[in-house]
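Trainee: Before we look at anything, could you help me understand how the words used for a structure follow from its values?
Mentor: Gladly; let us take the terms one at a time and set each against its cut-off.

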Amino acid sequence: MRKVSLPDGETVPALGQGTWRLGENRNRRAEEIAALREGVAQGLSLIDTAEMYGDGATESFLGEALNGLRDQVFLVSKVYPQNAGRARLTQACEHSLRRLATDRIDLYLLHWRGNIPLGETVLAMQALQTAGKIRHWGVSNLDTADMQELEKAGGTDAATNQILYNLTRRGPEFDLLPWMHERRMPMMAYSPVEQGRLAGKSALKTVAGRLGATPLQVALAWILRNPEAIAIPKAARLDHVRQNRQALDITLSPEDLAELDKAFPAPVRKAPLEML
């Protein structure tokens with residue numbers, strides 16, 4: 001498994017697993033647990049979730065799914081913006097810890113920006129670190145101006161910014177990713193295959209045909225070619241998680257990349273950060 005360095009030097013898997021909407025259907029629960037556990041066995045041991053997912057139900061699902069595997073997993077969760085202040089962040093974290101059946105969260109993220117001042121969230125996150133409840137903290141869905149404000153508010157130890165990024169959502173390349181690169185802060189890409197919608201794109205089909213891969217594997221490989229990128233696709237089936245793992249073995253040639261750039265052009269001007 002290729003690794004990506006966090007700003008403090010700790011490394012995490014470049015390819016992890018997302019969990020949005022997992023655990024919501026009891027008829028699929030056993031299959032989803034098997035897929036998650038197979039992903040960990042395959043090295044996809046970074047698991048991303050959030051208190052928002054299923055209003056806590058997905059965290060509870062993970063507590064069950066990862067039973068006996070906790071020490072093999074780098075666990076990421078996200079807090080609602082309304083819970084990210086000094087008074088409520090500790091309580092929100094404690095609730096997530098109970099649902100996840102663990103004593104610590106490896107990376108705790110502000111899910112998106114709300115009305116609570118970023119400086120207050122920074123102090124509350126740092127207090128959770130001091131208490132041993134979380135190991136790292138970071139943010140999600142923050143655009144460049146927000147990141148600049150976060151830095152000025154004392155958030156220089158943020159570990160990552162989790163953002164919507166894939167071949168059809170390349171806006172962050174204009175200024176956000178360069179800003180993060182200067183600070184050696186990796187990007188965590190959610191919806192890296194646009195919730196499966198990239199499968200029908202003709203350019204991806206063409207490149208995939210040359211490589212003996214699937215279009216979605218190529219879309220993942222395109223993100224993973226960046227040594228500072230972490231991708232967190234969701235897989236609810238064993239065959240799907242194995243296909244995601246195989247994307248790490250794909251090397252895109254200059255011809256492949258040029259063809260994808262032509263079909264999915266890089267941004268030429270600033271656009272607001274998209275989010276789902």
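Mentor: Contact here means that heavy atoms lie within 4.5 Å, and please keep in mind that this is a predicted model.

Trainee: With that cut-off, which residues is Leu260 in contact with, leaving aside its neighbours within four places in sequence?
Mentor: They are Leu167, Ala203, Leu204, Val207, Val218, Trp222 and Leu252, and each of them is called a contact because it has heavy atoms within 4.5 Å of Leu260.

Trainee: What makes Leu260 stand out in the largest nonpolar core?
Mentor: That core has 84 residues, and Leu260, together with Tyr108, has the most contacts inside it. The largest share of this core, seven residues, is supplied by helix 8, which covers residues 215–224. As background, nonpolar side chains in soluble globular proteins tend to be buried together.

Trainee: Why is the pair Arg21 and Glu24 called a salt bridge?
Mentor: The term asks for a side-chain nitrogen of Lys or Arg within 4 Å of a carboxyl oxygen of Asp or Glu. The closest N and O atoms of Arg21 and Glu24 are 3.4 Å apart, so the pair qualifies.

Trainee: How do you know that Arg21 and Glu24 count as partly exposed?
Mentor: Partly exposed lies between the 20% limit for buried and the 50% limit for exposed. Arg21 has 47% relative accessibility and Glu24 has 42%, so both take that label.

Trainee: What makes the contact between Arg210 and Glu255 a salt bridge, and which parts does the pair tie together?
Mentor: The N to O distance is 3.9 Å, which falls within the 4 Å cut-off. Arg210 lies in helix 7 (residues 202–211) and Glu255 in helix 10 (residues 254–263), so the pair ties together parts that are 45 residues apart in sequence.

Trainee: Which other salt bridge does Arg210 form?
Mentor: Arg210 also meets Asp256, at 2.7 Å from N to O. Because Asp256 lies in helix 10 and Arg210 in helix 7, this pair ties together parts that are 46 residues apart in sequence.

Trainee: Are Asp256 and Glu255 buried or exposed?
Mentor: Asp256 has a relative accessible area of 2%, which is under 20%, so Asp256 is buried. Glu255 has 51%, which is over 50%, so Glu255 is exposed. Arg210, at 39%, counts as partly exposed.

Trainee: How many salt bridges does the structure hold?
Mentor: The structure holds 28 salt bridges.

Trainee: Which residues of helix 2 are called buried, and what do they pack against?
Mentor: In helix 2 (residues 57–65), the buried residues are Thr58, Glu59, Phe61, Leu62, Gly63 and Ala65, the label being given because each has under 20% relative accessible area. They pack against helix 1 (29–41), strand 3 (46–48), strand 4 (74–79) and helix 3 (89–100).

Trainee: What lines the largest pocket?
Mentor: This pocket, with a volume of about 560 Å³, is lined by 24 residues, and Trp20, Ser191, Gln195, Ile232 and Lys234 lie nearest its centre. The lining divides into 10 nonpolar, 10 polar and four charged residues.

How values were computed
Residues numbered from 1 in each chain as written. Predicted model: local features only at pLDDT ≥ 70, side-chain atom pairs only at ≥ 80, totals over all residues. Heavy atoms only, no water. Buried < 20%, exposed > 50% of the residue type's maximum accessible area, 1.4 Å probe, protein only. Helix = DSSP H or I, 4+ residues; strand = E, 2+ residues; numbered from the N terminus. Core = buried A, V, L, I, M, F, W, Y, C linked by side-chain atoms within 4.5 Å. 1 Å grid on protein atoms, 1.4 Å probe; cavity = no way out; pocket = protein on both sides within 12 Å on 5 of 7 lines; lining within 4 Å. Points joined across faces, edges and corners; volume = space filled by probe spheres on them. Nonpolar A, V, L, I, M, F, W, Y, C, P; charged D, E, K, R; others polar.
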